[in-house]
Amino acid sequence: MNLFDTLNEALTEEVVSKIAKLSDEEPAKTRKALDGIFYTLVAGLVRRTGSMMSVNMLFNQIQKGNQGGELIGDISSYLNKKEKLDNILKIGDGLISQIFPAYKSPLVSMIGIYAGIKKNSSTMYSSLAAPILIDAVSREMSTNKLDVDGLITFLSDHHEPLFKLVPEDLLEKMIPQLGLQELLSPKFSSAKRAVSVKPAAIKSKSNAEETIINKPSPTTPEPDNEEEESSTSPSSIKWVVVGLVAIVLLGGGYYWYKNYYEPSQGIQGEEQIEMDSSAIQPDTITKAIIDSVAIKDSLNAAMATPASSATEPTNTLEASLDTYISDKTKPVGQIFPMTNLAFIKGSQALDSKSESIIDALAALLNKYPKLQIQIQGHSNDAVGMDNKTMATKRAFAIKKRLLSKGITDTRIDAIGNSGSSNSADIKVVSK
């Protein structure tokens, strides 16, 4: 039995009606909200299977946060007593912070709009749904004696059913707002095995079109044989020849440069470090910059930058964040604008000067292992898409840079907020 079946079995009409009565909402809206929350949280669990470190943490968190199967087995008993309900809601708040970092605020907002319920109802449902879901996973782990690999397999098996069940209008909201785009990528795979879900899986398919996961064809050749054949194919030989020709050309060019060109130039002193802007190839620039206006602005900004600026502090964001995080009396939730960070006009590409800001932020995340952040992208100059989509892409561009520097995925959330600026903000979710 998968999680969707378990949850449907536990959330009977009687249970849903009790929850609706407690929050003064309509049962139909309550059902829609709870389903939406569970779809979203299951997606979050599936996403965490993409990293072995993340899924190990998840395994330990689930073991600590479960109710021994009692909650999922008898939800009504927790709803009938205020003390038990308050306790489980408190546990739910902690679980969302630990297992679904940076989810609560966008989740509450999204579900409120999606189901048409009040914000406090959405908050309550989220805090109730999290421990119910984790208790269901914990019971599965206990019943089937799942280790970490078993948990990966169990959660990965929910990838394809998830996108067949989740409604389109919810999918359009949950993917960008909660940073779940990677689940739609054909390249997404669990830490142990590949998952064959692709974006097309959102649409219904006939049985004849469905792909059987990890079931090799009897006629499929062994991987070793494929590698041996490819290594001796004409295509491989062609690329070897091309590589040898390239090496010869590079060697000849270097010899000409050192023996003819460089001596003819003489010693130019300090003038040698000046940049000849006419030597910049247009093709190279246009790959990084969207239009000619952006090219001109970028070059003018670079030429106007004083040489002494390299010795000045790269940004004040690091200092402000460091002071705030180290002060235990300051509550979480403060937002810090990334004022020195900039994107190429009309695109999600970061300019070269922003790298130092990314480095500083990565250093802070390494310095404070408990730090969790939400990157909030902004845009008012999108080209070829709406500003909200561009803002989301910009937030994920920053997140991708941080991931490349070794920061764990679960510590960074990314959302887009179209607005008046073209930069991004950092919200401290946990410290």
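This is a predicted model: local features need pLDDT of at least 70, side-chain atom pairs count only at pLDDT 80 or more; totals for chains, interfaces and linings use all residues.

Visitor: What percentage of the residues in the chain is buried?
Guide: A residue counts as buried when its relative accessible area is under 20%. The chain has 431 residues, and the buried share of them is 41%.

Visitor: Among contacts between residues at least 6 apart in sequence, what percentage joins residues at least 24 apart?
Guide: The contacts considered here are those in the chain between residues at least 6 apart in sequence. Of these, the share joining residues at least 24 apart is 76%.

Visitor: Are helix 17 and helix 18 roughly parallel or roughly antiparallel to each other?
Guide: Helix 17 spans residues 317-326 and helix 18 spans residues 355-367; their axes lie 10 Å apart, at an angle of about 15 degrees. Angles under 35 degrees count as roughly parallel. The two helices are therefore roughly parallel.

Visitor: Which residue classes make up the contact of helix 17 with helix 18?
Guide: Helix 17 contributes Leu-317, Glu-318, Leu-321 and Asp-322, while helix 18 contributes Ile-357, Ala-360, Leu-361, Leu-364 and Lys-367. No polar residue takes part in this contact; its classes are six nonpolar and three charged.

Visitor: Is helix 18 oblique or roughly parallel to helix 19?
Guide: Helix 19 covers residues 387-404, and its axis comes within 10 Å of that of helix 18, crossing at roughly 60 degrees. This angle makes helix 18, relative to helix 19, oblique.

Visitor: Which residues of helix 19 meet helix 18?
Guide: The crossing of helix 18 with helix 19 is right-handed. On the side of helix 18 stand Glu-355, Ile-358, Leu-361, Ala-362 and Leu-365; their partners in helix 19 are Ile-398, Arg-401 and Leu-402.

Visitor: What distance does helix 19 reach from its first C-alpha to its last?
Guide: Helix 19 has 18 residues, for which 26 Å is expected at 1.5 Å a residue. The computed reach is close to that expectation, at 26 Å.

Definitions and conventions
Residues are numbered from 1 along each chain as its sequence is written. Side-chain values use heavy atoms; hydrogens and water are left out. Axes are lines fitted to C-alpha atoms, for helices over the stretch in contact, and angles run from 0 to 180 degrees between N-to-C directions. Helices (H or I, at least four residues) and strands (E, at least two) are DSSP runs, numbered from the N terminus. Angles under 35 degrees count as roughly parallel, over 145 as roughly antiparallel, 65 to 115 as roughly perpendicular and the rest as oblique. Contact means heavy atoms within 4.5 Å. Ala, Val, Leu, Ile, Met, Phe, Trp, Tyr, Cys and Pro count as nonpolar, Asp, Glu, Lys and Arg as charged, and the others, Gly among them, as polar. A crossing is left-handed if the near helix is turned anticlockwise from the far one by less than a right angle, and right-handed if clockwise. The expected span of a helix is 1.5 Å times one less than its number of residues. Buried means under 20% relative accessible area, exposed over 50%, partly exposed in between (1.4 Å probe, protein chains only).
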